[in-house]
Amino acid sequence: MSRIGKKPIEIPKNVKVSLQDGVITVEGPKGKLSMKHHPDMKVYLEESFIKVERPSDDPFHRAMHGTTAALIRNMIKGVTEGYTVVLEVFGLGYRAAVKGTNLELNLGLSHPVVFPIPSDVKIEVKENKIYVSGIDKQRVGQVAAQIRAFREPDAYKGKGIRYEGEVLKLKPGKAAGKGKK
């Protein structure tokens with residue numbers, strides 16, 4: 001992680017960064033994010049870049065050095081480009097739709113699953129694909145994981161909600177495993 005921490009973090013022209021009392025605030029065209037960094041890490045704000053330094057070569061400080069730098073990079077990318085996670089809904093009769101401020105999922109259960117959409121995340125549904133987008137990488141990933149948890153992919157048929165590009169290793173059925181004598 002220390003190699004990631006040693007690299008200075010460039011600040012794009014359309015992003016404003018401020019540092020006060022251990023809180024880093026990043027403001028860009030898509031929104032505003034703030035984070036309190038670990039008190040042991042020293043964060044310096046230069047004209048066009050941010051530098052993170054650690055007090056010692058202790059394993060904990062080395063880990064926090066890289067983590068702090070990565071979190072700051074994620075904040076800058078979030079306010080400039082944003083993050084999107086795509087979920088695919090597989091299964092006969094499985095559907096997803098946005099109704100008002102809720103995501104309604106029909107997943108083969110006796111009732112539709114209604115998920116209230118958080119205010120800091122945007123959710124769209126197109127052709128049984130759920131697009132979860134926002135400026136906070138952790139929040140987008142968390143909401144996508146919560147939606148996926150309603151019906152994880154089945155090990156035999158692959159039915160359920162999965163991430164786009166996720167490869168499933170399906171188990172063979174009971175007839176495929178035994179040969180007839």
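Helices and strands here are DSSP runs, numbered from the N terminus. The model is predicted.

**Exercise 1. The largest pocket**

Task: Find which residues line the largest pocket, and which elements each supply at least two residues of that lining.

Solution. 
- Step 1. Start with the space. The largest pocket holds about 170 Å³.
- Step 2. List the lining. L33, S34, M35, L71, N74, M75, I135, D136, K137 and Q138 line this pocket.
- Step 3. Assign the elements. β4 (32–36), α2 (59–80) and α3 (137–148) each give at least two residues to the lining.
- Step 4. Sort by class. The lining of the largest pocket has five nonpolar, three polar and two charged residues.

**Exercise 2. The cavity**

Task: How many cavities of 30 Å³ or more does a search of the whole structure find? Describe the lining of the largest cavity by class.

Solution. 
- Step 1. Count. The search finds one cavity of 30 Å³ or more.
- Step 2. Size the space. The volume of the largest cavity is about 30 Å³.
- Step 3. V17, S18, L19, I24, V43, Y44, L45 and I50 line the largest cavity.
- Step 4. Strands β2 (16–20) and β5 (42–45) each contribute at least two of the lining residues.
- Step 5. Classify. Seven lining residues are nonpolar, one is polar and none is charged.

**Exercise 3. The nonpolar cores**

Task: Which residues touch the most other members of the largest nonpolar core? Then follow the contacts of V132.

Solution. 
- Step 1. Pick out the centre of contacts. The largest nonpolar core has 19 residues, and L105, I123, I130, V132 and I147 touch the most other members.
- Step 2. Two or more residues come from each of β7 (83–90), β9 (102–106), β10 (113–116), β12 (129–134) and α3.
- Step 3. Find the largest share. Helix α3 gives four residues, the largest share of this core.
- Step 4. Follow V132. Leaving out residues up to four places away in sequence, V132 touches Y83, T84, V85, L87, V121, K122, I123, V140, V143, A144 and I147.
- Step 5. Look for another core. A second, separate core has 17 residues, including I9, I24, V26 and V43.

**Exercise 4. Strand pairing**

Task: Work out how β8 joins β9, then give the strand order of the open sheet of three strands.

Solution. 
- Step 1. Count the bridges. Strand β8 (residues 95–99) is antiparallel to β9, and five bridges join them.
- Step 2. R95 sits opposite N106 in β9.
- Step 3. Check the turn. Two residues lie between the strands of this hairpin, and G100 has a positive phi near 70 degrees.
- Step 4. Move to the open sheet. The order of its three strands is β1-β6-β5, with antiparallel pairing.
- Step 5. β1 (9–10) and β5 each pair on one side only, which makes them the edge strands.
- Step 6. Inspect β1 with β6. Two bridges join β1 to β6 (residues 49–53). E10 has F49 in β6 as its bridge partner.

**Exercise 5. A glutamate in a strand**

Task: Is E88 buried or exposed? List its contacts beyond four places in sequence.

Solution. 
- Step 1. Locate the residue. E88 is in strand β7.
- Step 2. Apply the cut-off. Buried means under 20% relative accessible area. E88 has 15%, so E88 is buried.
- Step 3. List the contacts. Beyond four places in sequence, E88 contacts N128, K129, G160, I161, R162, Y163, E164 and G165.

Terms used:
Residues numbered from 1 in each chain as written. Predicted model: local features only at pLDDT ≥ 70, side-chain atom pairs only at ≥ 80, totals over all residues. Heavy atoms only, no water. 1 Å grid on protein atoms, 1.4 Å probe; cavity = no way out; pocket = protein on both sides within 12 Å on 5 of 7 lines; lining within 4 Å. Points joined across faces, edges and corners; volume = space filled by probe spheres on them. Nonpolar A, V, L, I, M, F, W, Y, C, P; charged D, E, K, R; others polar. Core = buried A, V, L, I, M, F, W, Y, C linked by side-chain atoms within 4.5 Å. Buried < 20%, exposed > 50% of the residue type's maximum accessible area, 1.4 Å probe, protein only. Contact = heavy atoms within 4.5 Å. Pairing = 2+ DSSP bridges.
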